[in-house]
Amino acid sequence: MNKELTKHFAQGHSSCAGCGFPAAVRTILGEAKTPIVVANATGCLEVTSTIYPYSAWKVPYIHSAFENAAATISGVERAYKALYRKGKIKGRIKFIVFGGDGGTYDIGLQSLSGALERGHDFVYVCYDNGGYMNTGNQRSSATPYGAATETTPAGKESFGKMETRKNLMEIVNAHRVAYAAQANVAYLQDLKKKAKKALETEGPSFLNVFSPCQNNWKFPTSQYVNVAKLATETNFWPLYEISAIGGSAYGGENGKYKITHEPSQPKPIAEFLKTQGRFKHLFNEKNNPVIDRIQKMVNEEFARIVSLTGE
Amino acid sequence: MEEGAIIKHNIKKAPKTGEWRYMKPEVDKEKCIGCSTCVPFCPEAAIDMKHETRDMKQKNKKPKADIDYEYCKGCGVCAEVCPVKAIVMRKK
């Protein structure tokens, strides 16, 4: 057992074999230089790491409900600040929230917005696996266009999810937080740097981490790194960071975008889609226009981010 | 607060997730170049870089990947990311 990696988040959790998020969680927690407190929204990470009577968390950890992880950490952070002022706690403590896309894009969105606006000193980490994987793959607002899920099945009348993904990075950016970044579990060095910056930021910061789900995206258990890599190589999941007023990424410049890893020759989106069973129906001849549409969306979104970097 | 509401981490209570495994990763210590690429990608953090014998340490050889089978779920990610294919998945 790797002692260094299991310092905060231990082995013995029950996530599926070949799941993406444990590596992301460990990498982010590994960058903490101060004591940390973790809050967790309901989701795969929460149910698999805290099966009674065991808890895989070696750090103080709190879970209360699906929709209020950010509100929960707000309370914990304010209590800490009050005790610190009274001299009952010494030293800096950093607060981290982990939520899946269900608990962040959908159910926890308003509590996230509230906590970002109030300016609590915390890092919100969303591990995005594009759906409610814990309950059997229902669609969320992070599910990609064209994906077949339990609630958007592909068939004669449907090609899977017919709505586009919500752009959470832009919603978070609308709060003008000091630091927000999009990362990918296949690029751990990049994730490390972003986690460090987020943890060093005073006030709220946000990380959106791409985290494949082997069970419901339907690919072999050994493939999460390859699938996640293809997401960035096809520009489906660009790696970038945004720093707003007082941002740490640029030493305080206003709202700047920076792409941290750009594929020299982006691969066609079909390369990413064909690795997963949830997109299998798109390779039917009648669904070919859907792939073209996804390609167009990916190109447009990437061009938009590039234009915002000012390069 | 009522004490029963809080659970402390206790590794003795951890489920032995190695029981899930139906494919077993085996490290070819001759082939392994000790790059530790597999280490952070392992979802269970079950891989350590270890010197097999004290002799190896004295000869200043690089430590090699060593898998904790008590918790390894046998997903095969390590075999997939290994740049020299030194980890092979075998039926148990």
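The legends below describe close-up views of charged and aromatic side-chain contacts in a predicted model. Local features need pLDDT of at least 70 and side-chain atom pairs count only at pLDDT 80 or more, whereas totals for chains, interfaces and linings use all residues. Residues are numbered from 1 along each chain as its sequence is written, chains are lettered from A in the order in which they are written, and side-chain values use heavy atoms, with hydrogens and water left out.

**View 1. Salt bridge between A:Lys81 and A:Glu77 within helix H3 of chain A.** The closest N and O atoms of this pair are 3.0 Å apart, a salt bridge being a side-chain nitrogen of Lys or Arg within 4 Å of a carboxyl oxygen of Asp or Glu. Both residues belong to helix H3 (residues 69-85), 4 residues apart, or about one turn of the helix; helices (H or I, at least four residues) and strands (E, at least two) are DSSP runs, numbered from the N terminus. A:Glu77 is buried at 1% relative accessibility, while A:Lys81 is partly exposed at 34% (buried means under 20% relative accessible area, exposed over 50%, partly exposed in between, with a 1.4 Å probe and protein chains only).

**View 2. Salt bridge between B:Lys16 and B:Glu70.** The N to O distance is 4.0 Å. Because B:Lys16 lies in the segment before strand S1 (23-27) of chain B and B:Glu70 in the loop between strand S3 (64-67) and helix H3 (77-81), the pair ties together parts that are 54 residues apart in sequence. B:Lys16 is partly exposed, with a relative accessible area of 31%, and B:Glu70 is likewise partly exposed, at 40%.

View 3. Over all chains the count comes to 17 aromatic pairs, where rings of Phe, Tyr and Trp (its six-membered ring) pair if their centres lie within 6.5 Å, and planes under 30 degrees apart count as stacked, over 60 as edge-to-face and the rest as tilted. A:Tyr80 is buried, at 11% relative accessibility, whereas A:Tyr84 is partly exposed, at 45%. Their ring centres are 5.8 Å apart and their planes stand at 45°, so the pair is tilted.

**View 4. A:Arg278 over the ring of A:Trp217.** The charged end of A:Arg278 sits 3.9 Å from the ring centre of A:Trp217, under the criterion that NZ of Lys or CZ of Arg is within 6 Å of the ring centre and within 35 degrees of the ring normal. A:Trp217 also belongs to a cluster linked by ring pairs, whose members include A:Phe210, A:Phe219 and A:Trp237.
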